[in-house]
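Thanks for making time for this today. I would like to walk you through one model, with the chains and then some of the side chains in view.

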Amino acid sequence: MKKLSFLAAAIFAVAAFISFNNVSAKEGLAIGATMENFKLTDTSGTEKSFNDLKGKNGAILVFLSVQCPVVKGYNERIVKLAEDYAAKGINVIGINSNSTETMEKVKAHAAENYKFPVLIDKGNVIADRLGANVTPETFYLNAKNVLVYRGAIDNNKSSDSVTNKFLRDAADADLSGKTVAKTSAVAFGCSIKRVTE
Amino acid sequence: MIVSPQNYGNFLATNKHERTRKRTKKLFVSFRVCSWLNLLRVSVVSFCLVFVPAENSFAQTRKGKTKAAAKKIKAAPKNVASNLPKVTQIDATGLQNLLKPNGKPLLINFWATWCDPCREEFPDLVKIGADYKDRIDLITVSLDELSEINGDVPKFLAAMKADKMPAYLLKTPNEEEAIAAVSKDWQGGLPFTILYNANGDTIYIKQGKFKTDFLRAEIEKTLANQIRFQIFQLPMSICRPVTLTRKKSL
């Protein structure tokens with residue numbers, strides 16, 4: 001009887017394991033790992049190098065979308081973030097990896113909303129390398145291109161409900177030489193539409 | 001019977017033979033009974049595996065549990081004032097309570113009216129809800145603004161004819177906590193679909209649009225595993241040795 005129970009449990013566990021293999025999570029670059037330099041074209045069609053665009057203290061990569069209402073809700077905060085951190089030697093760089101959004105739309109959206117460069121990640125190469133999944137999602141890389149923080153800008157898509165500014169806290173701690181308490185965070189956003197989907 | 005000393009030897013031999021014969025007969029009868037029991041058990045299992053169709057979920061026979069499940073997850077009530085589907089506001093704690101299955105597999109879809117792929121996959125979700133009615137619990141959780149709880153959210157649900165599935169709107173000050181409660185593999189992107197089996201184990205998750213065929217296959221597998229698991233347990237409980245206890249006299 002025990003043998004039968006064991007057999008049943010084993011079959012069930014194997015079936016559950018096989019099924020659970022459908023679960024896919026894009027890991028990407030780990031915290032503490034170094035991002036290699038990369039080149040992408042900006043909205044004017046000019047190829048830009050990450051190392052040329054980053055500030056003396058690093059860069060914040062923000063994955064954006066033209067259509068995503070969450071990005072729209074964050075735009076004001078992203079613009080303020082870019083202004084505040086440019087003064088601290090950290091440049092904000094926008095990346096659009098959505099295969100469904102045309103160059104014209106991305107260009108018009110960037111011109112309307114941002115003063116920082118927005119790069120087109122054709123084939124979601126950089127999104128895959130970093131493991132970006134949603135918009136808006138950020139990656140803070142320090143002066144040595146080491147990933148210090150990844151994830152949400154703050155803890156709520158509604159600006160009036162924000163209580164934790166994860167990205168700012170991480171960048172400020174790193175700039176002042178302190179240990180970054182929270183190196184990643186998730187928040188609701190729009191899934192990046194990859195070419196493979 | 002009188003046994004003389006002369007035929008005592010024969011008597012002993014005959015008696016011994018008789019006892020051996022009786023013992024063998026007893027053993028044979030026990031063996032026959034065991035064989036019949038085993039045969040019955042194998043037949044029940046085989047019959048159930050072959051002939052019990054997926055839609056007659058074994059869980060349904062467990063009336064107590066099914067009734068309890070039905071009590072907890074009912075068909076979505078209507079918003080009386082507007083005749084639109086009712087959308088219930090929940091916080092992170094409410095969400096955690098929703099994540100517990102009630103004797104049936106549980107499919108949860110997180111969506112928002114502003115999310116294009118969410119809207120695109122919704123008709124398929126409604127169809128799945130109708131096709132697996134009573135066999136799985138299907139609920140939707142909207143991430144729209146609270147101001148839309150009586151506006152765009154129920155309007156969209158009505159347009160999708162999704163008034164049969166319980167609908168919720170999540171409003172939490174800590175999105176990260178809510179996301180982590182659902183799955184450690186969820187990065188917060190919408191749409192997000194998760195399937196739990198009746199035991200609460202995660203069977204399938206998808207951030208982004210789900211593939212209908214794939215999701216249906218996962219549901220079928222989950223239901224089949226559930227039936228098999230219960231059938232395996234059934235004969236064991238039938239054939240468990242019964243301990244007879246003498247009635248205590250009052």
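Predicted model: local features only at pLDDT ≥ 70, side-chain atom pairs only at ≥ 80, totals over all residues.

Residues are numbered from 1 along each chain as its sequence is written, chains are lettered from A and ligands numbered from 1 in the order in which they are written, and side-chain values use heavy atoms, with hydrogens and water left out.

Chain A has six helices and ten strands, where helices (H or I, at least four residues) and strands (E, at least two) are DSSP runs numbered from the N terminus. Of its 197 residues, 49% are buried, and buried here means under 20% relative accessible area, exposed over 50%, and partly exposed in between, with a 1.4 Å probe and protein chains only.

Let me move to the aromatic rings. A pair of aromatic rings is described by the distance of the centres and the angle of the planes. Rings of Phe, Tyr and Trp (its six-membered ring) pair if their centres lie within 6.5 Å, with planes under 30 degrees apart called stacked, over 60 edge-to-face, and the rest tilted. By this rule there are eleven aromatic pairs over all chains. In one of them, A:F188 and B:W186 have ring centres 5.5 Å apart and planes at 55 degrees, so the pair is tilted. A:F188 lies in the loop between strand 9 (184-185) and strand 10 (189-191) of chain A, and B:W186 in the loop between helix 6 and strand 7 of chain B, so this pair joins two chains. Both A:F188 and B:W186 are buried, and together with B:F110 and B:F192 they form one aromatic cluster.

What does the side chain of B:Q187 contact? B:Q187 sits in the loop between helix 6 (175-182) and strand 7 (189-190) of chain B, and its side chain makes a polar contact with the side chain of A:N133 at 3.4 Å. A polar contact is a pair of N or O atoms within 3.5 Å; within protein, one must be able to donate a hydrogen and the other to accept it, and residues adjacent in sequence count only if both atoms are side-chain atoms. B:Q187 is buried, with a relative accessible area of 17%.
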